[in-house]
Amino acid sequence: MSPSDQPSVRLRPEIVALPAYRQGKAANASAFKLSSNENPFDPLPGVVDAVNAVSAFNRYPDASALALRERLAARYGVASDEVHIGAGSVALLAQLITAAAGPGDEVLYSWRSFEAYPSLVTVSGATSVTVPNRADHGHDLPAMAAMITPRTRVVLVCSPNNPTGVVVTADEFAAFMDQVPTDLLVILDEAYAEFVTDPAAVDGTTLLGRYPNLVVLRTFSKAYGLAGLRVGYGIGPVGILDAARATAIPLSVTGQASAAALASLDAEAELLARVAVIAARRDGIQQALAGAGLHSPSSQANFVWLPLGEATAAATERFTDAGLVVRPFHPEGIRVSIGEEESVATLLRISAEIVQDLP
Ligand code: PMP
């Protein structure tokens, strides 16, 4: 920040110090953008038609996205008030954290995890308390349970974890929930759930109604390919979701987003077939990486984690030069989204070169 950029009004210093959300950018049109865990398949024509059919955009959208809530409620066997729609699941994270935590309160999560968590906690005024990931890059839930204090107001559990891809198992999660006080909000962030093929992984949608303090978050951004339209949902107890609704910026879920989500649910079989292609591509990439001597943790998401440590910056440059836009997390590693089939050979070739040059 140059002196002339100094704010001339009194702002919250912790917000002034907060960097804005970063986004990987393709250097040129021919580069593969593997930095945001997006779906590489083009939108389905039927979904595009459903979006285009929403023409009355001189009117505000339905504030609670009732049609989509009812559809999801029927699917999961819950009441429509037990579903809350947001402009992406990141909006729901913000609402839930703000609803439960403020100055003096703590929000607990494993680290490294989704990079929006620390910012959202800072914005809420609460304090982040982090527990390092296990050596296998998964959450250390017993260590997290041990960090709960009377000030803890929210626990964030991310499965599969962004950026490492490691899942929490159903058994680990059940043991954790048994240790968590029932008045402490637990958010199970399952943005990548549809890519999971490990039957031992937790599936929050099988736990609905079991815990009075659990909210499960899902999104249409990844498996359903609607990242640009911004629509995600939370499922949980009405009292918690009502508090989230109270903090929401009104009317931020557009009619187009709801229509696209509904059309995607109509086309679910086709979309999940694409998900299966991505999951198989992921498994193939991981196997090839292991064969080349690069041991990434077992990912169940639509990305892989390359734990390159201090070699992260140089490796990122090599990927970029080869036309792959990846997401570095200095100095821990690189997250690479599973993208177009045409990107795979380059990914494996450059990865093998990087491993060879590791000290
Ligand atoms: N949770 C996790 C773990 C994520 O990785 C992301 C997106 N990167 C989100 C939530 C938010 O996704 P969206 O707002 O697009 O639903």
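This is a predicted model: local features need pLDDT of at least 70, side-chain atom pairs count only at pLDDT 80 or more; totals for chains, interfaces and linings use all residues.
Residues are numbered from 1 along each chain as its sequence is written.

Back to N37. Its phi is near 55°, which is positive, and this is not a glycine. You'll find N37 in the loop between β1 (32-33) and α2 (45-52).

H137 is another non-glycine residue with a positive phi, near 75°. H137 sits in the loop between β4 (127-132) and α6 (141-146). Buried or exposed, H137? It counts as buried, with 21 C-beta neighbours inside 10 Å.

The peptide bond joining S159 and P160 is cis, with omega about -10°. P163 is found in the loop between β5 and α7 too, and a cis bond joins N162 to P163, with omega about 15°.

Now the core. A nonpolar core here is a set of buried Ala, Val, Leu, Ile, Met, Phe, Trp, Tyr and Cys residues joined through C-beta atoms within 7 Å. In soluble globular proteins, nonpolar side chains tend to be buried together. The largest such core in this model has 95 residues, and L96, I97 and I187 have the most contacts inside it. Which helix gives the most to this core? That's α4, residues 89-100, with nine residues. Domain 1 (11-43 + 269-357) and domain 2 (54-266) both contribute residues, so the core lies between them. Those bounds come from an automatic or database domain assignment.

Zoom in on I97. Setting aside neighbours within four places in sequence, I97 is in contact with V107, L120, V121, S124 and V154. Contact means C-beta atoms, placed from the backbone, within 7 Å.

Over to the sheet. Three strands form an open, antiparallel sheet in the order β9-β12-β11. The edges are β9 (303-306) and β11 (327-329), each pairing on one side only. Pairing takes at least two DSSP bridges between two strands. From one strand to the next, the twist averages 20°. β11 and β12 (residues 333-337) pair over three bridges, and F329 stands opposite G333 in β12. Lying across β11 and β12 is helix α11 (residues 312-321), running at about 30° to β12. For those angles, axes are lines fitted to C-alpha atoms, for helices over the stretch in contact, and angles run from 0 to 180 degrees between N-to-C directions.

Last stop, A276, in helix α10 (residues 268-291). A276 counts as exposed, with 12 C-beta neighbours inside 10 Å. A276 and L207 are 69 residues apart in sequence and 24 Å apart in space, C-alpha to C-alpha.

Terms used:
A residue is buried if 20 or more other C-beta atoms lie within 10 Å of its own, exposed if 12 or fewer, and partly exposed in between; C-beta atoms are placed from the backbone. Helices (H or I, at least four residues) and strands (E, at least two) are DSSP runs, numbered from the N terminus. Two residues are in contact if their C-beta atoms, placed from the backbone, lie within 7 Å.
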